[in-house]
Amino acid sequence: MLLVAGASRAGDSDTAVEDALKLAASRQAPVIVDFYAPWCYSCYFMAKHVKTGPEWTALEKKAVIVELDADSPAGARWMQQWTVKGLPSYIVLDATGQELGRIPLERTRAQFYPEIAAIIARGSDLDQRKRQVKDDGKASLVAARSVLQAYAARADVDGANDWLNGLPAAARKAVDQDADAALWQSRLALRKASVAKDAAACAAAAPAVLAGELGCERAYELDRALQCTASLPAGEQQKLYAAQQPVMNALLAKRVFIATPSCADARSLITTTADLAATLGDKQREAAVLDQAIADAERRLGGAKKLDLKRDRNLADNLRLYLDLAKRYEALDALFPKLIAAYPDDYVYSFRYGRNLIERGEPEKALPWLAQAAPKAYGLNRLTVAQYRADALIKLGRRDEAKVVVAEALKANGPFFPEQVAKLKAAVG
């Protein structure tokens with residue numbers, strides 16, 4: 001266990017959560033488990049814009065904070081145990097290990113601290129809140145909304161449906177008739193259809209979801225629907241989503257492309273708006289969205305001619321993605337070495353450049369960058385880097401070298417990540 005600057009913080013290790021719970025019990029404090037990864041652009045946003053200043057310092061003193069790297073064996077194990085589906089994720093536990101609530105994905109500072117404070121102040125686990133839903137009264141309805149939101153945060157659609165089906169008739173009727181609770185039910189239905197890859201069910205669920213007040217989370221729901229219904233005829237998709245284009249355009253104008261963006265995940269709003277335009281056959285709008293995003297990111301990083309990539313890693317990584325999506329490969333080839341120089345301590349950008357070159361059909365050029373990434377990779381990402389190195393070597397007819405790369409990665413990996421290990425072994429035969 002590691003204590004940092006007087007804060008109640010446990011380190012990322014096999015016993016980090018257990019250590020944190022022991023410390024929390026001695027202090028009668030909650031535990032916040034903070035899942036991150038070195039490649040997570042949303043984690044960059046949180047580190048730069050939210051987990052700073054007096055609010056974060058106060059939270060560190062109030063709670064025991066455990067940071068878990070999703071690519072480490074311990075982090076991956078806890079992610080699976082808690083069914084964490086996206087990064088970053090923040091899970092709040094009481095001192096006995098009962099989950100009080102969670103915040104999935106990034107938030108602005110104005111959103112994050114009230115949300116985390118409300119979870120801590122509530123101090124009740126999900127089962128306790130479920131017991132509060134008894135009838136059609138106001139208190140029951142408030143508790144029901146909270147329960148549905150918790151199930152959505154945990155991506156536990158079946159659990160939500162089982163709970164709903166077991167409610168007293170009066171409570172269920174009230175939940176179904178309440179706009180907020182009904183929207184959560186629709187979002188859960190869309191998620192279930194998406195996981196099942198049921199395009200027809202997604203098409204049936206999407207209108208109710210997209211008609212709701214989703215704010216910045218509209219990008220996630222729209223992207224889920226677009227991906228799930230991609231197999232439908234173009235005319236059906238366009239009929240489903242045409243009304244979303246002005247809504248997404250307005251979100252970009254009012255909450256992203258402004259002096260102080262009010263949506264934490266600008267990237268998802270931008271890429272989903274571009275994907276929507278492509279789905280609607282509006283190539284001009286798709287290009288315009290990406291062009292505007294590139295110009296906006298460059299401006300915020302100091303200007304195209306004097307980019308300060310260290311100013312904001314989230315923005316720098318967004319710029320990389322926008323250039324890639326816009327197929328501005330000359331600019332991307334100029335940017336990647338600068339990103340690698342700006343962030344030399346991890347494997348991320350040398351790996352991403354190598355991967356990008358492979359995807360562009362240039363495995364020979366990719367190999368030096370992947371080799372540069374390999375010594376800095378660890379855990380799950382070690383296997384990912386090895387996978388791409390092997391792929392590049394095989395494409396070049398150098399299978400024996402690919403086998404050596406895989407063998408070295410497997411030796412360093414140890415007994416962890418069996419599914420990825422099997423995939424890596426299969427790649428070289």
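In strand β5, I103 is the bridge partner of Y90, and that pair is a handy place to start reading this predicted model.

**Strands around β4**

- β4 and β5 (residues 99-104) pair in the antiparallel sense, with five bridges between them.
- The hairpin that β4 and β5 form has five residues between the strands, and G97 takes a positive phi near 95° there.
- β2 also pairs with β4, again in the antiparallel sense and over five bridges.
- β4 is mostly covered, as five of its five residues are buried.
- In a regular strand, side chains alternate between the two faces of the sheet.
- In β4, S89, I91 and L93 point one way while Y90 and V92 point the other way, and all are buried.
- β5 is largely enclosed by the rest of the structure, because five of its six residues are buried.

**Helix α2 and its cover**

- Which residues of helix α2 (residues 41-49) are buried? They are Y41, S42, C43, Y44, F45 and M46.
- The cover over these buried residues of α2 includes the strands β2 (31-36) and β4 (89-93).
- Helices take part in covering α2 as well, among them α5 (109-122), α15 (266-279), α17 (313-325) and α19 (348-359).

**Helix pair α7 and α10**

- Two packed helices are described by the angle between their axes and the distance between the axes.
- For helix α7 (residues 138-153) and helix α10 (residues 179-195), the angle is about 20° and the axes are 9 Å apart.
- With the cut-off for roughly parallel at under 35 degrees, α7 and α10 are therefore roughly parallel to each other.
- α7 and α10 cross in a left-handed way.
- On the α7 side the contact is made by R145, L148, Q149, Y151 and A152, and on the α10 side by D180, A181, W184, Q185, L188 and R191.
- By class, the residues in this contact of α7 with α10 are six nonpolar, two polar and three charged.

**Helix pair α14 and α15**

- The axes of helix α14 (residues 244-255) and α15 come within 10 Å and cross at roughly 150°.
- Angles over 145 degrees count as roughly antiparallel, and α14 and α15 are therefore roughly antiparallel to each other.
- The crossing of α14 past α15 is left-handed.
- Q244, Q245, M248, N249, L251 and L252 of α14 meet L269, I270, T272, T273, L276 and A277 of α15.
- The contact of α14 with α15 holds seven nonpolar and five polar residues, with no charged residues.

**Backbone spots worth a look**

- Most residues other than glycine have a negative phi, and most peptide bonds are trans.
- The peptide bond from L87 to P88 is cis, with omega near -10°, and P88 sits in the loop between α4 (73-82) and β4.
- T83 is found in the loop between α4 and β4, and T83 has a positive phi of about 55° although it is not a glycine.
- Is T83 buried or partly exposed? With a relative accessible area of 34%, T83 is partly exposed.
- F417, in the loop between α22 (399-413) and α23 (418-428), has a phi near 60°, a positive value in a residue other than glycine.
- F417 counts as buried, at 10% relative accessibility.

Terms used: Residues numbered from 1 in each chain as written. Predicted model: local features only at pLDDT ≥ 70, side-chain atom pairs only at ≥ 80, totals over all residues. Heavy atoms only, no water. Axes fitted to C-alpha atoms, helices over the stretch in contact; angles between N-to-C directions. Helix = DSSP H or I, 4+ residues; strand = E, 2+ residues; numbered from the N terminus. Parallel < 35°, antiparallel > 145°, perpendicular 65-115°, else oblique. Left-handed = near helix turned anticlockwise from the far one by under 90°. Contact = heavy atoms within 4.5 Å. Nonpolar A, V, L, I, M, F, W, Y, C, P; charged D, E, K, R; others polar. Buried < 20%, exposed > 50% of the residue type's maximum accessible area, 1.4 Å probe, protein only. Pairing = 2+ DSSP bridges.
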